[in-house]
Amino acid sequence: MREILRRLLTGAVYVFLLLSAIFLSSDAFDFLFMTFGLTCLYEYKRMVKLRGYYIFVAYLALWWAYIYLVQDKILINLLMLATISVNFILLYYLFSGKDKLFTNIQKFFIGLFYIGGGCIFLTMIPYKDNDFAQFLIMGVFILIWINDTFAYLVGKSIGKHKLFPSISPKKTIEGTMGGFVFALIGAYFMSKYETNISLIQWLILASIIVLTGSLGDLIESKFKRAAGVKDSGAILPGHGGMLDRLDSLVFAAPFAYLTLIIFTHVS
């Protein structure tokens, strides 16, 4: 009971911080996710035993450039290409069935684009034509939360078939499908509040976020298994580390951003 209360309290503080930043100002949201990104990088650095602090300097320089300076679509597309390419490398790592010993330079670039690039695109999602789409980014978070919550509840209730037992023994196929179905229901309701994208587009976006978010969760689980740790950190009592909370979002962000760009061009 005490552990449940601790988890609930931590979760409530996390959600309060997030929603306050979203509705306070775009600058508050930007700063919050710059800080979250630094925390995730610190936890990643410890897990993979990456030495030095160069990755923090590189992330801050990249984040500052792309959030405040870069407007050129070619440069944004290059960052998106690099980030998604690293994510596909990590998918190969996930499904290869064996642990890979990355070199320090590989660990550096994986962290910079997988986590750094993911946080940058997560920060860029609500910006459209110099407007800050509060309900759009809130909807992205809600879809991830719905998927995670109902994947757990459905899996615990009726889950029998393991999804990826060698990496995450508790996840089930039934739970994954349950999370997906409830996320689609959530997308339907979000389309009533954020009307800049249509119902069909919300359903497509939800599908992309759930699929890539679930893969991101498995990738972080493989990193933890390779490091021999249960959690990426302990900054969130009852929840583990910041990367444990944001692994799905960080991995899904560039794919969600790309999906929204495609919507802009086809609508």
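In this predicted model, helices α7 and α8 pass each other in a right-handed crossing. Helix α7 spans residues 173–193 and helix α8 spans residues 199–227, and their axes come within 9 Å, crossing at roughly 145°. On the α7 side, the contact is built from Phe180, Ala183, Leu184, Ala187, Tyr188, Met190 and Ser191. These residues meet Leu199, Trp202, Leu203, Ala206, Ser207 and Val210 of α8. Sorted by class, the contact of α7 with α8 holds 11 nonpolar and 2 polar residues, with no charged residues.

With residues up to four places away in sequence set aside, Asn147 touches Thr176, Gly179, Phe180, Ala183, Val210 and Ser214. Among these partners, Phe180 and Ala183 also belong to the α7 side of the contact described above, and Val210 to its α8 side. Asn147 has a relative accessibility of 5% and therefore counts as buried, the cut-off for that label being under 20%.

Helix α6 also meets helix α9, which runs over residues 242–266; the two axes come within 11 Å and cross at roughly 130°. At that angle, α6 counts as oblique to α9. The crossing of α6 with α9 is right-handed, as is that of α7 and α8. From α6, the residues taking part are Leu136, Val140, Phe141, Ile144, Trp145 and Asp148, and from α9 they are Arg245, Ser248, Leu249 and Leu260. This contact of α6 with α9 comprises 7 nonpolar residues, 1 polar residue and 2 charged residues.

Thr83 lies in helix α4, which extends over residues 73–95. Its relative accessible area is 0%, so Thr83 is buried. Beyond its neighbours within four places in sequence, Thr83 is in contact with Phe113, Gly117, Gly118, Phe121 and Pro254. One of these, Pro254, falls within the residue range of α9. A polar atom of the Thr83 side chain also lies 2.8 Å from the backbone oxygen of Leu79.

Methods. Residues numbered from 1 in each chain as written. Predicted model: local features only at pLDDT ≥ 70, side-chain atom pairs only at ≥ 80, totals over all residues. Heavy atoms only, no water. Helix = DSSP H or I, 4+ residues; strand = E, 2+ residues; numbered from the N terminus. Buried < 20%, exposed > 50% of the residue type's maximum accessible area, 1.4 Å probe, protein only. Contact = heavy atoms within 4.5 Å. Polar contact = N/O pair within 3.5 Å; in protein donor to acceptor, adjacent residues only side chain to side chain. Axes fitted to C-alpha atoms, helices over the stretch in contact; angles between N-to-C directions. Parallel < 35°, antiparallel > 145°, perpendicular 65-115°, else oblique. Left-handed = near helix turned anticlockwise from the far one by under 90°. Nonpolar A, V, L, I, M, F, W, Y, C, P; charged D, E, K, R; others polar.
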